Amino acid sequence: MAQRLMARVTCPNCRQTFGMPLEQILDVEMDPSAKPRLLAGQVNQAVCPSCGFASILEVPFIYHDPHKELALVYMPMAAGRTDMERQQAIGALSRAVMSTLPQEQRKSYLINPQVFLSYESLVNRVLEADGITPEMIQAQRDRADLLKRLLAASTTEERMAIIQENEAMLDESFFRILSLNLEQADAMGLTDAFQRLMEVRALLLEQTTVGRKLAARSRALQALQAEPTREKLLDLLVEAGDPATRAVLVTFGQPLVDYLFFQKLTRRIESETDEEKRKLLEALREEVMGIREQIRAQAREEVQAKLHLLRDLLASEQPELLAHRRLVELDDLFLKVLASEMEEAQQAGDQETLSRLQKVWRLVIRILQEQVPPELLLLTQLMEAPDEETMRQVLEANSQMLNDSFLALLEQVVQDMQARGEEEVAQKATRALEIARTMTPARPEKKRPPQRPSGLVMVRG
Ligand SMILES: [Zn+2]
(Lines give C-alpha, C1' and ligand atoms only; values in the text may rest on other atoms or scores of the structure.)
Protein backbone atom coordinates (compact mmCIF):
# COMPACT_ATOMS: atom_id res chain seq x y z
CA MET A 1 0.00 0.00 0.00
CA ALA A 2 1.18 3.49 -0.81
CA GLN A 3 2.66 5.48 2.01
CA ARG A 4 0.73 8.37 3.41
CA LEU A 5 2.47 11.55 2.26
CA MET A 6 2.50 14.59 4.46
CA ALA A 7 2.12 18.08 3.05
CA ARG A 8 3.26 21.38 4.55
CA VAL A 9 0.48 23.87 3.98
CA THR A 10 0.59 27.63 4.31
CA CYS A 11 -2.83 29.04 5.12
CA PRO A 12 -3.82 31.46 2.33
CA ASN A 13 -5.82 33.44 4.86
CA CYS A 14 -3.54 33.89 7.89
CA ARG A 15 -0.18 32.54 6.61
CA GLN A 16 0.03 29.97 9.42
CA THR A 17 1.87 26.81 8.31
CA PHE A 18 0.75 23.33 9.32
CA GLY A 19 1.13 19.69 8.25
CA MET A 20 -1.57 17.40 6.95
CA PRO A 21 -1.66 13.89 5.48
CA LEU A 22 -2.42 13.66 1.77
CA GLU A 23 -4.86 11.16 0.38
CA GLN A 24 -3.70 9.48 -2.80
CA ILE A 25 -6.02 6.49 -2.99
CA LEU A 26 -9.75 6.66 -2.45
CA ASP A 27 -11.19 3.18 -2.57
CA VAL A 28 -14.92 2.97 -1.90
CA GLU A 29 -14.75 -0.72 -1.08
CA MET A 30 -12.16 -0.24 1.62
CA ASP A 31 -13.47 3.09 2.87
CA PRO A 32 -17.22 3.68 2.53
CA SER A 33 -16.68 7.31 3.55
CA ALA A 34 -14.54 7.93 0.45
CA LYS A 35 -17.44 8.61 -1.90
CA PRO A 36 -19.44 10.99 0.31
CA ARG A 37 -16.21 12.82 1.13
CA LEU A 38 -15.37 13.13 -2.55
CA LEU A 39 -18.85 14.40 -3.40
CA ALA A 40 -18.71 16.89 -0.54
CA GLY A 41 -15.44 18.28 -1.90
CA GLN A 42 -13.50 17.25 1.19
CA VAL A 43 -10.70 15.20 -0.33
CA ASN A 44 -7.34 16.74 0.53
CA GLN A 45 -9.11 19.68 2.05
CA ALA A 46 -6.80 21.62 4.32
CA VAL A 47 -8.45 23.30 7.27
CA CYS A 48 -6.24 25.82 9.01
CA PRO A 49 -5.96 24.94 12.72
CA SER A 50 -5.47 28.59 13.53
CA CYS A 51 -8.22 30.43 11.64
CA GLY A 52 -10.41 27.61 10.30
CA PHE A 53 -10.00 28.63 6.65
CA ALA A 54 -10.61 25.66 4.35
CA SER A 55 -8.94 25.16 0.99
CA ILE A 56 -8.56 22.24 -1.39
CA LEU A 57 -5.01 21.16 -2.17
CA GLU A 58 -4.49 20.58 -5.87
CA VAL A 59 -2.70 17.26 -5.59
CA PRO A 60 -3.31 14.12 -7.66
CA PHE A 61 -5.31 11.17 -6.34
CA ILE A 62 -7.03 8.10 -7.72
CA TYR A 63 -10.68 7.23 -7.06
CA HIS A 64 -11.49 3.53 -7.28
CA ASP A 65 -14.92 1.88 -7.26
CA PRO A 66 -14.43 -1.83 -8.14
CA HIS A 67 -18.18 -2.58 -8.38
CA LYS A 68 -18.72 0.10 -10.97
CA GLU A 69 -15.27 -0.55 -12.47
CA LEU A 70 -14.30 3.07 -12.09
CA ALA A 71 -10.67 4.10 -11.88
CA LEU A 72 -10.50 7.90 -12.07
CA VAL A 73 -7.37 9.96 -11.62
CA TYR A 74 -7.42 13.58 -10.58
CA MET A 75 -4.39 15.20 -12.17
CA PRO A 76 -4.70 18.97 -11.80
CA MET A 77 -2.67 21.26 -14.05
CA ALA A 78 -1.32 22.87 -10.91
CA ALA A 79 0.60 19.66 -10.27
CA GLY A 80 2.77 21.32 -12.93
CA ARG A 81 4.61 18.47 -14.54
CA THR A 82 5.73 17.43 -17.96
CA ASP A 83 3.59 14.98 -19.94
CA MET A 84 6.05 12.23 -19.20
CA GLU A 85 5.99 12.90 -15.47
CA ARG A 86 2.23 13.06 -15.48
CA GLN A 87 1.99 9.69 -17.21
CA GLN A 88 4.37 8.20 -14.66
CA ALA A 89 2.37 9.64 -11.77
CA ILE A 90 -0.86 8.21 -13.22
CA GLY A 91 0.79 4.80 -13.65
CA ALA A 92 2.09 4.88 -10.08
CA LEU A 93 -1.40 5.64 -8.73
CA SER A 94 -3.05 2.80 -10.62
CA ARG A 95 -0.30 0.37 -9.61
CA ALA A 96 -0.77 1.43 -5.99
CA VAL A 97 -4.46 0.48 -6.25
CA MET A 98 -3.65 -2.83 -7.95
CA SER A 99 -1.31 -3.80 -5.14
CA THR A 100 -4.22 -3.69 -2.68
CA LEU A 101 -6.32 -6.00 -4.85
CA PRO A 102 -6.42 -9.78 -4.86
CA GLN A 103 -5.34 -11.23 -8.20
CA GLU A 104 -8.85 -11.92 -9.51
CA GLN A 105 -9.91 -8.30 -8.95
CA ARG A 106 -7.08 -6.79 -11.02
CA LYS A 107 -8.93 -5.87 -14.14
CA SER A 108 -8.05 -4.00 -17.30
CA TYR A 109 -9.96 -0.81 -16.49
CA LEU A 110 -7.29 -0.17 -13.85
CA ILE A 111 -4.48 -0.12 -16.38
CA ASN A 112 -5.99 2.80 -18.25
CA PRO A 113 -7.62 5.00 -15.64
CA GLN A 114 -9.63 7.97 -16.84
CA VAL A 115 -7.82 11.23 -16.15
CA PHE A 116 -9.49 14.47 -15.04
CA LEU A 117 -7.97 17.91 -14.88
CA SER A 118 -10.62 19.32 -12.58
CA TYR A 119 -12.08 17.99 -9.37
CA GLU A 120 -15.56 18.90 -10.55
CA SER A 121 -15.37 16.90 -13.77
CA LEU A 122 -14.25 13.85 -11.80
CA VAL A 123 -17.19 14.27 -9.42
CA ASN A 124 -19.54 14.53 -12.40
CA ARG A 125 -18.19 11.23 -13.77
CA VAL A 126 -18.87 9.53 -10.43
CA LEU A 127 -22.41 10.91 -10.38
CA GLU A 128 -22.98 9.90 -13.98
CA ALA A 129 -22.06 6.31 -13.07
CA ASP A 130 -24.85 6.51 -10.47
CA GLY A 131 -27.30 7.58 -13.16
CA ILE A 132 -27.36 11.14 -11.91
CA THR A 133 -27.63 13.62 -14.77
CA PRO A 134 -26.55 17.29 -14.79
CA GLU A 135 -30.29 18.19 -14.81
CA MET A 136 -30.82 16.25 -11.61
CA ILE A 137 -27.86 18.00 -10.01
CA GLN A 138 -29.28 21.35 -11.06
CA ALA A 139 -32.66 20.39 -9.56
CA GLN A 140 -30.94 19.62 -6.24
CA ARG A 141 -29.10 22.96 -6.35
CA ASP A 142 -32.35 24.81 -7.01
CA ARG A 143 -33.87 23.20 -3.95
CA ALA A 144 -30.88 24.03 -1.79
CA ASP A 145 -31.14 27.65 -2.98
CA LEU A 146 -34.83 27.73 -2.20
CA LEU A 147 -34.10 26.49 1.32
CA LYS A 148 -31.53 29.27 1.76
CA ARG A 149 -34.10 31.86 0.71
CA LEU A 150 -36.67 30.46 3.12
CA LEU A 151 -34.14 30.58 5.95
CA ALA A 152 -33.12 34.13 5.11
CA ALA A 153 -36.71 35.42 5.11
CA SER A 154 -37.39 37.12 8.42
CA THR A 155 -41.17 36.96 8.71
CA THR A 156 -43.79 34.26 8.27
CA GLU A 157 -45.48 36.40 5.60
CA GLU A 158 -42.28 36.53 3.54
CA ARG A 159 -41.85 32.80 3.91
CA MET A 160 -45.45 32.15 2.91
CA ALA A 161 -44.93 34.20 -0.25
CA ILE A 162 -41.85 32.15 -1.16
CA ILE A 163 -43.74 28.92 -0.46
CA GLN A 164 -46.65 29.89 -2.67
CA GLU A 165 -44.39 30.86 -5.55
CA ASN A 166 -42.38 27.65 -5.41
CA GLU A 167 -44.90 24.99 -4.43
CA ALA A 168 -43.76 22.72 -7.29
CA MET A 169 -40.20 22.53 -5.94
CA LEU A 170 -41.34 21.71 -2.41
CA ASP A 171 -41.38 17.95 -2.99
CA GLU A 172 -40.08 14.98 -1.00
CA SER A 173 -36.59 15.59 -2.29
CA PHE A 174 -36.76 19.11 -0.85
CA PHE A 175 -37.74 17.67 2.52
CA ARG A 176 -34.78 15.27 2.35
CA ILE A 177 -32.40 18.21 1.87
CA LEU A 178 -34.10 19.94 4.78
CA SER A 179 -33.66 16.87 7.02
CA LEU A 180 -29.98 16.58 6.09
CA ASN A 181 -29.46 20.22 7.00
CA LEU A 182 -31.23 19.67 10.31
CA GLU A 183 -29.03 16.69 11.13
CA GLN A 184 -25.92 18.63 10.23
CA ALA A 185 -26.89 21.70 12.26
CA ASP A 186 -27.71 19.44 15.19
CA ALA A 187 -24.46 17.48 14.95
CA MET A 188 -22.41 20.66 14.74
CA GLY A 189 -24.25 22.26 17.62
CA LEU A 190 -25.48 25.20 15.52
CA THR A 191 -28.41 26.03 17.77
CA ASP A 192 -29.46 29.12 15.85
CA ALA A 193 -29.48 27.50 12.44
CA PHE A 194 -31.22 24.45 13.89
CA GLN A 195 -33.94 26.63 15.36
CA ARG A 196 -34.56 28.42 12.07
CA LEU A 197 -34.62 25.15 10.12
CA MET A 198 -37.20 23.77 12.55
CA GLU A 199 -39.35 26.87 12.05
CA VAL A 200 -39.22 26.51 8.29
CA ARG A 201 -39.96 22.80 8.57
CA ALA A 202 -42.99 23.35 10.82
CA LEU A 203 -44.37 25.92 8.39
CA LEU A 204 -43.84 23.64 5.38
CA LEU A 205 -45.45 20.64 7.13
CA GLU A 206 -48.54 22.76 7.61
CA GLN A 207 -48.66 24.76 4.41
CA THR A 208 -47.68 22.40 1.59
CA THR A 209 -49.40 19.35 0.14
CA VAL A 210 -46.27 17.21 0.45
CA GLY A 211 -45.67 18.51 3.96
CA ARG A 212 -49.15 17.53 5.11
CA LYS A 213 -48.65 14.10 3.58
CA LEU A 214 -45.32 13.64 5.38
CA ALA A 215 -46.80 14.85 8.65
CA ALA A 216 -49.66 12.34 8.32
CA ARG A 217 -47.11 9.59 7.56
CA SER A 218 -45.10 10.33 10.65
CA ARG A 219 -48.26 10.49 12.78
CA ALA A 220 -49.34 7.09 11.45
CA LEU A 221 -45.95 5.58 12.28
CA GLN A 222 -46.03 7.04 15.77
CA ALA A 223 -49.50 5.64 16.31
CA LEU A 224 -48.27 2.18 15.31
CA GLN A 225 -45.25 2.49 17.55
CA ALA A 226 -47.50 3.39 20.46
CA GLU A 227 -49.82 0.46 19.77
CA PRO A 228 -48.11 -2.26 17.74
CA THR A 229 -51.07 -4.59 17.18
CA ARG A 230 -52.53 -6.16 14.01
CA GLU A 231 -55.81 -4.37 14.63
CA LYS A 232 -54.13 -0.97 14.86
CA LEU A 233 -51.98 -1.62 11.78
CA LEU A 234 -55.09 -2.55 9.84
CA ASP A 235 -56.91 0.61 10.96
CA LEU A 236 -53.95 2.78 10.03
CA LEU A 237 -53.63 1.15 6.62
CA VAL A 238 -57.29 1.76 5.90
CA GLU A 239 -56.96 5.41 6.94
CA ALA A 240 -53.65 6.07 5.15
CA GLY A 241 -54.10 8.36 2.18
CA ASP A 242 -51.06 7.53 0.07
CA PRO A 243 -49.29 4.35 -1.04
CA ALA A 244 -45.90 5.46 0.32
CA THR A 245 -47.39 5.75 3.81
CA ARG A 246 -48.90 2.28 3.52
CA ALA A 247 -45.54 0.90 2.37
CA VAL A 248 -43.79 2.46 5.37
CA LEU A 249 -46.45 1.07 7.72
CA VAL A 250 -46.15 -2.46 6.32
CA THR A 251 -42.34 -2.30 6.39
CA PHE A 252 -42.27 -1.04 9.94
CA GLY A 253 -45.04 -3.39 11.10
CA GLN A 254 -43.65 -6.37 9.21
CA PRO A 255 -43.72 -8.79 12.17
CA LEU A 256 -47.45 -8.12 12.46
CA VAL A 257 -48.20 -8.89 8.83
CA ASP A 258 -48.80 -12.63 9.18
CA TYR A 259 -51.53 -15.20 8.70
CA LEU A 260 -53.59 -13.75 11.54
CA PHE A 261 -53.36 -10.29 10.05
CA PHE A 262 -54.70 -11.46 6.70
CA GLN A 263 -57.43 -13.39 8.49
CA LYS A 264 -58.55 -10.18 10.19
CA LEU A 265 -58.44 -8.32 6.91
CA THR A 266 -60.47 -11.02 5.15
CA ARG A 267 -63.05 -10.93 7.92
CA ARG A 268 -63.36 -7.18 7.49
CA ILE A 269 -63.84 -7.60 3.77
CA GLU A 270 -66.53 -10.22 4.28
CA SER A 271 -68.45 -8.17 6.82
CA GLU A 272 -68.31 -4.97 4.78
CA THR A 273 -71.75 -4.24 3.33
CA ASP A 274 -70.83 -1.17 1.34
CA GLU A 275 -69.77 -2.39 -2.11
CA GLU A 276 -67.36 0.51 -2.69
CA LYS A 277 -65.61 0.10 0.65
CA ARG A 278 -65.33 -3.64 0.14
CA LYS A 279 -63.55 -3.10 -3.17
CA LEU A 280 -61.10 -0.75 -1.44
CA LEU A 281 -60.36 -3.33 1.25
CA GLU A 282 -59.78 -5.99 -1.38
CA ALA A 283 -57.37 -3.69 -3.17
CA LEU A 284 -55.65 -3.06 0.16
CA ARG A 285 -55.16 -6.80 0.66
CA GLU A 286 -53.50 -7.07 -2.76
CA GLU A 287 -51.34 -4.07 -2.04
CA VAL A 288 -50.13 -5.36 1.35
CA MET A 289 -49.28 -8.75 -0.15
CA GLY A 290 -47.32 -6.98 -2.88
CA ILE A 291 -45.35 -4.88 -0.40
CA ARG A 292 -44.64 -7.95 1.74
CA GLU A 293 -43.39 -9.81 -1.32
CA GLN A 294 -41.11 -6.88 -2.17
CA ILE A 295 -39.63 -6.88 1.32
CA ARG A 296 -39.04 -10.63 1.08
CA ALA A 297 -37.47 -10.34 -2.36
CA GLN A 298 -35.12 -7.71 -1.01
CA ALA A 299 -34.14 -9.95 1.90
CA ARG A 300 -33.51 -12.82 -0.54
CA GLU A 301 -31.33 -10.53 -2.63
CA GLU A 302 -29.26 -9.62 0.42
CA VAL A 303 -28.72 -13.30 1.19
CA GLN A 304 -27.74 -13.91 -2.44
CA ALA A 305 -25.15 -11.14 -2.24
CA LYS A 306 -23.62 -12.76 0.86
CA LEU A 307 -23.55 -16.16 -0.84
CA HIS A 308 -21.81 -14.54 -3.76
CA LEU A 309 -19.17 -13.02 -1.50
CA LEU A 310 -18.72 -16.39 0.20
CA ARG A 311 -18.15 -18.06 -3.17
CA ASP A 312 -15.59 -15.38 -4.04
CA LEU A 313 -13.78 -15.96 -0.77
CA LEU A 314 -13.73 -19.73 -1.34
CA ALA A 315 -12.40 -19.28 -4.87
CA SER A 316 -9.87 -16.54 -4.18
CA GLU A 317 -6.18 -17.27 -4.05
CA GLN A 318 -5.82 -14.40 -1.62
CA PRO A 319 -8.90 -14.69 0.59
CA GLU A 320 -7.36 -12.61 3.34
CA LEU A 321 -6.76 -9.63 1.05
CA LEU A 322 -10.25 -10.00 -0.36
CA ALA A 323 -11.81 -10.21 3.11
CA HIS A 324 -10.01 -7.04 4.15
CA ARG A 325 -11.29 -5.26 1.08
CA ARG A 326 -14.87 -6.38 1.65
CA LEU A 327 -14.80 -5.82 5.39
CA VAL A 328 -17.99 -3.74 5.49
CA GLU A 329 -19.91 -6.65 3.99
CA LEU A 330 -18.75 -9.12 6.62
CA ASP A 331 -21.68 -8.45 8.92
CA ASP A 332 -24.10 -10.50 10.99
CA LEU A 333 -26.03 -11.60 7.93
CA PHE A 334 -22.84 -12.84 6.30
CA LEU A 335 -21.98 -14.92 9.37
CA LYS A 336 -25.52 -16.31 9.47
CA VAL A 337 -25.37 -17.32 5.83
CA LEU A 338 -21.93 -18.87 6.32
CA ALA A 339 -23.12 -20.76 9.41
CA SER A 340 -26.09 -22.21 7.57
CA GLU A 341 -23.87 -23.29 4.67
CA MET A 342 -21.63 -25.06 7.17
CA GLU A 343 -24.61 -26.78 8.73
CA GLU A 344 -25.81 -27.91 5.33
CA ALA A 345 -22.40 -29.33 4.40
CA GLN A 346 -22.26 -31.14 7.71
CA GLN A 347 -25.68 -32.69 7.25
CA ALA A 348 -24.77 -33.76 3.75
CA GLY A 349 -21.61 -35.36 5.12
CA ASP A 350 -19.52 -33.24 2.73
CA GLN A 351 -16.32 -33.05 4.74
CA GLU A 352 -14.29 -31.26 2.11
CA THR A 353 -16.73 -28.37 1.66
CA LEU A 354 -17.19 -28.18 5.40
CA SER A 355 -13.50 -27.78 6.08
CA ARG A 356 -13.15 -25.13 3.37
CA LEU A 357 -16.08 -23.22 4.88
CA GLN A 358 -14.58 -23.55 8.34
CA LYS A 359 -11.37 -22.02 7.04
CA VAL A 360 -13.31 -19.00 5.78
CA TRP A 361 -15.14 -18.81 9.10
CA ARG A 362 -11.90 -18.73 11.10
CA LEU A 363 -10.42 -16.13 8.76
CA VAL A 364 -13.46 -13.85 9.00
CA ILE A 365 -13.74 -14.12 12.77
CA ARG A 366 -10.05 -13.32 13.16
CA ILE A 367 -10.31 -10.28 10.90
CA LEU A 368 -13.44 -9.04 12.66
CA GLN A 369 -11.79 -9.39 16.06
CA GLU A 370 -8.81 -7.41 14.83
CA GLN A 371 -11.20 -4.59 13.97
CA VAL A 372 -12.73 -4.23 17.39
CA PRO A 373 -10.99 -1.45 19.36
CA PRO A 374 -9.49 -2.86 22.59
CA GLU A 375 -11.62 -0.42 24.59
CA LEU A 376 -14.80 -1.96 23.20
CA LEU A 377 -13.54 -5.47 23.92
CA LEU A 378 -12.90 -4.46 27.52
CA LEU A 379 -16.32 -2.84 27.74
CA THR A 380 -17.99 -6.00 26.46
CA GLN A 381 -16.09 -8.12 28.98
CA LEU A 382 -17.22 -5.81 31.79
CA MET A 383 -20.86 -5.89 30.72
CA GLU A 384 -20.76 -9.66 30.48
CA ALA A 385 -19.14 -10.12 33.89
CA PRO A 386 -21.54 -12.16 36.05
CA ASP A 387 -20.61 -10.45 39.32
CA GLU A 388 -18.65 -7.60 40.82
CA GLU A 389 -15.65 -9.75 41.69
CA THR A 390 -15.22 -10.77 38.04
CA MET A 391 -15.61 -7.15 37.04
CA ARG A 392 -12.82 -6.15 39.40
CA GLN A 393 -10.57 -8.90 38.05
CA VAL A 394 -11.21 -7.85 34.46
CA LEU A 395 -10.40 -4.24 35.34
CA GLU A 396 -7.23 -5.22 37.20
CA ALA A 397 -6.06 -7.33 34.29
CA ASN A 398 -6.51 -4.31 32.01
CA SER A 399 -5.35 -1.59 34.37
CA GLN A 400 -3.10 -0.05 31.70
CA MET A 401 -6.22 0.87 29.75
CA LEU A 402 -7.96 2.69 32.58
CA ASN A 403 -7.24 6.22 31.43
CA ASP A 404 -9.39 9.34 31.11
CA SER A 405 -10.62 8.31 27.73
CA PHE A 406 -11.87 4.92 28.92
CA LEU A 407 -13.59 6.48 31.93
CA ALA A 408 -15.27 8.95 29.59
CA LEU A 409 -16.45 6.05 27.46
CA LEU A 410 -17.94 4.34 30.52
CA GLU A 411 -19.67 7.56 31.54
CA GLN A 412 -21.13 7.81 28.06
CA VAL A 413 -22.43 4.23 28.29
CA VAL A 414 -24.11 5.00 31.62
CA GLN A 415 -25.83 8.05 30.12
CA ASP A 416 -26.88 6.29 26.92
CA MET A 417 -28.29 3.29 28.74
CA GLN A 418 -30.19 5.49 31.20
CA ALA A 419 -31.62 7.45 28.30
CA ARG A 420 -32.73 4.23 26.66
CA GLY A 421 -34.28 2.96 29.87
CA GLU A 422 -31.84 0.03 30.12
CA GLU A 423 -31.58 0.35 33.89
CA GLU A 424 -29.77 -2.93 34.52
CA VAL A 425 -26.97 -2.24 32.06
CA ALA A 426 -26.72 1.34 33.28
CA GLN A 427 -26.25 0.14 36.86
CA LYS A 428 -23.61 -2.33 35.80
CA ALA A 429 -21.71 0.35 33.92
CA THR A 430 -22.02 2.69 36.90
CA ARG A 431 -20.52 0.03 39.16
CA ALA A 432 -17.70 -0.62 36.68
CA LEU A 433 -17.04 3.12 36.56
CA GLU A 434 -16.85 3.34 40.36
CA ILE A 435 -14.41 0.44 40.59
CA ALA A 436 -12.33 1.76 37.70
CA ARG A 437 -12.08 5.17 39.38
CA THR A 438 -10.62 3.63 42.53
CA MET A 439 -7.94 2.03 40.37
CA THR A 440 -6.86 5.09 38.42
CA PRO A 441 -4.30 7.26 40.20
CA ALA A 442 -5.57 10.76 40.94
CA ARG A 443 -4.22 13.10 38.30
CA PRO A 444 -4.35 16.84 37.97
CA GLU A 445 -7.47 17.84 36.09
CA LYS A 446 -6.68 18.20 32.42
CA LYS A 447 -9.05 19.91 30.08
CA ARG A 448 -8.68 18.25 26.76
CA PRO A 449 -11.05 16.24 24.62
CA PRO A 450 -10.72 12.49 25.10
CA GLN A 451 -8.44 11.04 22.47
CA ARG A 452 -9.03 7.59 21.15
CA PRO A 453 -5.93 6.12 19.58
CA SER A 454 -7.93 3.11 18.49
CA GLY A 455 -10.09 5.30 16.28
CA LEU A 456 -13.22 4.70 18.33
CA VAL A 457 -15.53 7.62 17.83
CA MET A 458 -18.02 8.47 20.49
CA VAL A 459 -21.28 9.98 19.45
CA ARG A 460 -22.51 12.51 21.91
CA GLY A 461 -26.23 13.15 22.08
ZN1 LIG B 1 -5.39 30.34 8.69
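Angles over 145 degrees between N-to-C directions count as roughly antiparallel.

**Figure 1. Helices H11 and H12 pack against each other in the predicted model.** H11 covers residues 259-271 and H12 covers residues 275-315. Their axes lie 9 Å apart, at an angle of about 160°. H11 and H12 are therefore roughly antiparallel to each other. The crossing of H11 past H12 is left-handed. H11 contributes Leu265, Arg268 and Ile269 to the contact. From H12 come Arg278, Leu281, Glu282 and Arg285. By class, this contact of H11 with H12 has three nonpolar and four charged residues, and no polar ones.

**Figure 2. Helices H4 and H6 pack at an angle of about 60°.** H4 spans residues 134-152, and H6 spans residues 172-187. The two axes are 10 Å apart. H4 and H6 are therefore oblique to each other. H4 passes H6 in a right-handed crossing. On the H4 side, the contact residues are Arg143, Ala144 and Leu147. They meet Ser173, Phe174, Ile177, Leu178 and Asn181 of H6. Five residues of this contact are nonpolar, two are polar and one is charged.

**Figure 3. The domain assignment gives domains 1 to 5.** The C-alpha centres of domain 2 and domain 5 are 43 Å apart.

**Figure 4. Residues 443-461 have pLDDT under 50.** For this stretch, the model has 15 contacts beyond four places in sequence. The mean pLDDT of the protein is 88. Of its residues, 94% reach 70 or more.

Definitions and conventions:
Residues are numbered from 1 along each chain as its sequence is written. This is a predicted model: local features need pLDDT of at least 70, side-chain atom pairs count only at pLDDT 80 or more; totals for chains, interfaces and linings use all residues. Domain bounds come from an automatic or database domain assignment. Axes are lines fitted to C-alpha atoms, for helices over the stretch in contact, and angles run from 0 to 180 degrees between N-to-C directions. Helices (H or I, at least four residues) and strands (E, at least two) are DSSP runs, numbered from the N terminus. Angles under 35 degrees count as roughly parallel, over 145 as roughly antiparallel, 65 to 115 as roughly perpendicular and the rest as oblique. A crossing is left-handed if the near helix is turned anticlockwise from the far one by less than a right angle, and right-handed if clockwise. Two residues are in contact if their C-beta atoms, placed from the backbone, lie within 7 Å. Ala, Val, Leu, Ile, Met, Phe, Trp, Tyr, Cys and Pro count as nonpolar, Asp, Glu, Lys and Arg as charged, and the others, Gly among them, as polar. pLDDT is the predictor's confidence in each residue, from 0 to 100.
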